[in-house]
Amino acid sequence: MAGDGAAVRLRDVVKVFGKKVRALRGVSFEVPRGAIYGILGPNGAGKTTTLRIIATLVRHDSGYVEVLGHRLPDERNLVRGRISYLPEDAGLYHRLTGWENLLYFAMIYSDTLEEARRMAELGVKLSGLSERDIHRKASEYSKGMARRVALARALMVGAELVLLDEPTSGLDVFSAYSIRKIIKNFAKSSGATVLMSSHNMLEVEELCDRVILINKGSIVAEGEPAELKERAGAANLEEAFIKLVGGVS
Amino acid sequence: MRRRGRLYPVIWKELRDMARDIKTIAAIAILPLIMMPFMGLTSIYVQTLQQGVAVVINEDPGKIVIGDHVFTTQQLVNEIENALKSKGFIVTTHNVSRFDIKVIIPKGFRANISSFTRLALIRIIKAVGSTKANAGESAVASVLGSFAHEVAVAKVDYLGRLARVKVSPSSVLDPIIYTTTLVGPSGAAVSVVESFRVMLGRILAFSLIFVTTPSIAYITDSVVGEKERKTFEALLATPVPRWSIVIGKALSASLIGLATGLADAIGLLLFFAIPSMTYGINLLKLLTPTLLAAHVSAVYLSVLASLALILPIVIRSGSYRVAQAFSLAIIGVASIVFFIALYANIGALTPSLRYLLYVIPYSHAVCMIKQAVLGEVWNTILHSLILVGEIAVLLAIAVKLFSEEKIIYSKT
């Protein structure tokens with residue numbers, strides 16, 4: 001059943017791995033359609049688990065998850081065609097060229113080969129790679145080039161909800177800047193909802209309309225970056241985060 | 001955006017990926033191409049290729065006279081030497097210390113063999129652990145059997161003359177004769193060539209051992225490698241159905257099996273052709289289109305069976321180590337079936353063992369070849385259908401066991 005304006009709706013979501021590891025301890029938030037939301041938190045805070053649950057890859061143990069009006073996990077097959085997901089450190093098929101990596105995913109989302117080619121062409125544009133580079137094998141790419149192709153692969157499919165897990169993690173300054181630029185331009189032009197995780201405070205501040213601060217599986221605060229800084233009496237988001245989670249542990 | 005359950009993109013990607021891994025493909029395809037002719041050579045010539053040392057000592061040289069018949073011990077020595085040489089022995093009459101077999105004609109041999117009351121002794125000494133010695137003993141025994149028969153004929157002839165009785169030596173020595181007729185599965189008489197064909201069927205069924213395993217490594221890498229290279233997670237979040245990932249990967253990897261099957265068929269032709277060219281034995285006439293088709297199909301289905309056996313494990317565990325452990329188990333089970341195929345007829349085993357073996361897909365691949373060898377087309381088709389059914393069940397289990405969470409969080 002289609003829901004109202006929320007692209008993502010989580011209520012009291014709990015996820016436990018094994019018997020002891022409580023990855024999420026009752027997470028609740030909503031992401032309106034068309035918004036760019038950032039999930040901010042340190043390593044092990046529960047960012048990736050949250051994104052994987054929304055991406056239909058992991059089942060939550062309790063609570064309520066709704067994506068694009070469909071309840072998970074029951075209606076996951078209705079969700080998969082409308083979302084796209086860029087995992088952290090997402091790789092490419094190294095024996096295929098960049099173009100073939102794009103075309104493979106385009107074929108999954110398209111009805112005809114012609115449509116897939118058009119989608120992959122869009123991917124090439126989004127990646128910003130030259131005609132020569134896009135036809136090189138992915139094994140010959142630098143980390144930054146590979147990440148641009150992987151990001152383009154996630155953005156080109158015309159998803160209503162784009163999930164990006166640490167899109168710039170491990171990249172140098174230039175590559176990270178280039179990735180941020182691609183995300184910014186895409187969000188402006190597509191109107192898709194973007195939910196991205198990061199532990200880079202500056203990145204989130206630059207890209208996101210609204211931020212969810214998460215720590216040890218619980219949401220600590222939620223609001224616009226300026227609002228969070230004001231609430232914590234901090235000069236930047238990094239300082240605000242530290243103050244809101246109760247100092248450096 | 002429309003979502004469709006499609007197999008094509010997965011197979012497209014897998015084939016491109018595979019086509020660029022030429023080294024692996026070449027290794028997998030070349031293996032049977034080399035192994036089959038090698039098996040053909042070794043199975044036929046192994047005895048002659050193995051060098052052995054035989055010593056023949058004649059301690060009682062001279063004539064053996066029985067009535068009008070005259071033999072010499074040197075004549076016996078020559079026949080033994082020739083028989084041993086034909087089995088690949090280096091024969092010497094010097095008393096060397098290292099040998100595989102030693103044959104001694106002792107002193108008193110001539111007196112004993114020409115006697116009508118005593119037995120003549122030949123001493124055969126075999127080196128312990130020598131596989132060649134048994135072949136040598138059998139060659140010597142054959143010569144001694146003929147020589148003893150000739151002496152026996154001479155003795156019967158001589159005794160008949162002394163008694164003035166008309167005697168046919170063969171009616172005294174071999175009063176019973178028997179005839180043997182070979183029959184096929186239908187009960188109709190067949191030629192001796194058919195028995196050779198059945199033996200070849202066993203060797204061909206055993207040869208499946210070389211083609212079943214390489215694809216296991218390939219499919220393991222296709223699943224676990226994709227997880228390790230961090231491409232799987234993004235794919236799993238797409239609308240591509242899980243069954244098309246499993247079936248797409250299995251079918252693509254099975255094309256290696258097809259390549260192997262074709263290489264194997266060429267190897268099979270060489271297997272038959274080399275003895276034909278070298279020894280003038282026309283084995284190629286045994287290679288019927290049915291046998292060739294059954295062999296290629298059995299190869300392909302055996303590969304698919306290996307993939308279907310390992311896929312549920314790989315899908316569930318997502319681990320190289322677990323996959324390696326289970327692939328060893330699969331190779332072990334396959335080896336048992338193929339060794340049984342070499343020495344026994346699965347269809348003739350006791351029901352409990354036979355039905356247990358029928359649960360193992362490889363048994364039907366073996367039966368396909370053995371039935372094709374006998375010209376039993378319908379039985380060949382029946383076993384191929386059972387094999388396809390077993391493969392389908394295993395692949396369905398793999399699809400059922402598919403769990404995104406297990407794949408993402410398992411340790412490679």
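**Close-up views of chains A and B**

**View 1. Salt bridge between R52(A) and E233(B).** In this predicted model, R52(A) forms a salt bridge with E233(B), and their closest N and O atoms are 2.6 Å apart. R52(A) belongs to helix α1 of chain A and E233(B) to helix α9 (residues 232-236) of chain B, so the pair joins two chains. Side chains of opposite charge can pair when their charged atoms come close. Between chain A and chain B the count is 7 salt bridges. Over all chains, the structure holds 35 salt bridges.

**View 2. The contact region between chain A and chain B.** Contacts link 41 residues of chain A with 31 residues of chain B. The size of an interface is often given as the accessible area lost when the parts come together. Here the area buried between chain A and chain B is about 3500 Å², and carbon and sulfur atoms give 56% of this area. On the chain A side, L57(A), R95(A) and D111(A) lose the most area to chain B; together they account for 20% of what that side buries.

**View 3. Elements of chain A that touch chain B.** Polar contact between the two chains, with both residues at pLDDT 80 or more, is found for 12 residue pairs. On the side of chain A that touches chain B, two or more residues each come from β1 (6-17), α1 (47-54), α2 (76-80), β6 and α3 (98-109) of chain A. The largest share, 7 residues, is given by α3(A). Sorted by class, this side of chain A has 20 nonpolar, 8 polar and 13 charged residues.

**View 4. The open sheet of 6 strands in chain A.** The strand order is β6-β7-β8-β3-β9-β10 (chain A), and the pairing is mixed. At the edges are β6 (83-86) and β10 (218-223) of chain A, each of which pairs on one side only. From one strand to the next the twist averages 15°. Strands of a sheet pair through backbone hydrogen bonds, either parallel or antiparallel. β6(A) pairs with strand β7 (residues 161-165) of chain A in the parallel sense, over 4 bridges. Within this pairing, L86(A) has L164(A) of β7(A) as its bridge partner.

**View 5. Helices against the chain A sheet.** Helix α6 (residues 143-155) of chain A packs on the sheet and touches β6 and β7 of chain A. The direction of α6 makes about 165° with that of β6(A). Helix α9 (residues 225-232) of chain A lies across β9 (210-215) and β10 of chain A, and runs at about 110° to β10(A).

**View 6. The open sheet of 4 strands in chain B.** Its order is β4-β1-β5-β6 (chain B), with mixed pairing. β4 (89-92) and β6 (123-126) of chain B stand at the edges with a single partner strand each, so one side of each is left without a neighbour in the sheet. The twist from one strand to the next averages 15°. Strand β1 (residues 52-58) of chain B pairs with β4(B) in the parallel sense over 4 bridges, and A54(B) stands opposite V91(B) in β4(B).

**View 7. Helices against the chain B sheet.** Helix α3 (residues 73-86) of chain B packs on the sheet, where it touches β1, β4 and β5 (101-105) of chain B. The direction of this helix makes about 175° with that of β1(B). Helix α5 (residues 131-163) of chain B lies across β1, β4, β5 and β6 of chain B and runs at about 165° to β6(B).

Key:
Residues numbered from 1 in each chain as written. Chains lettered and ligands numbered in written order. Predicted model: local features only at pLDDT ≥ 70, side-chain atom pairs only at ≥ 80, totals over all residues. Heavy atoms only, no water. Pairing = 2+ DSSP bridges. Axes fitted to C-alpha atoms, helices over the stretch in contact; angles between N-to-C directions. Contact = heavy atoms within 4.5 Å. Buried area = accessible area lost by both parts, 1.4 Å probe. Salt bridge = Lys/Arg side-chain N within 4 Å of Asp/Glu carboxyl O. Polar contact = N/O pair within 3.5 Å; in protein donor to acceptor, adjacent residues only side chain to side chain. Nonpolar A, V, L, I, M, F, W, Y, C, P; charged D, E, K, R; others polar.
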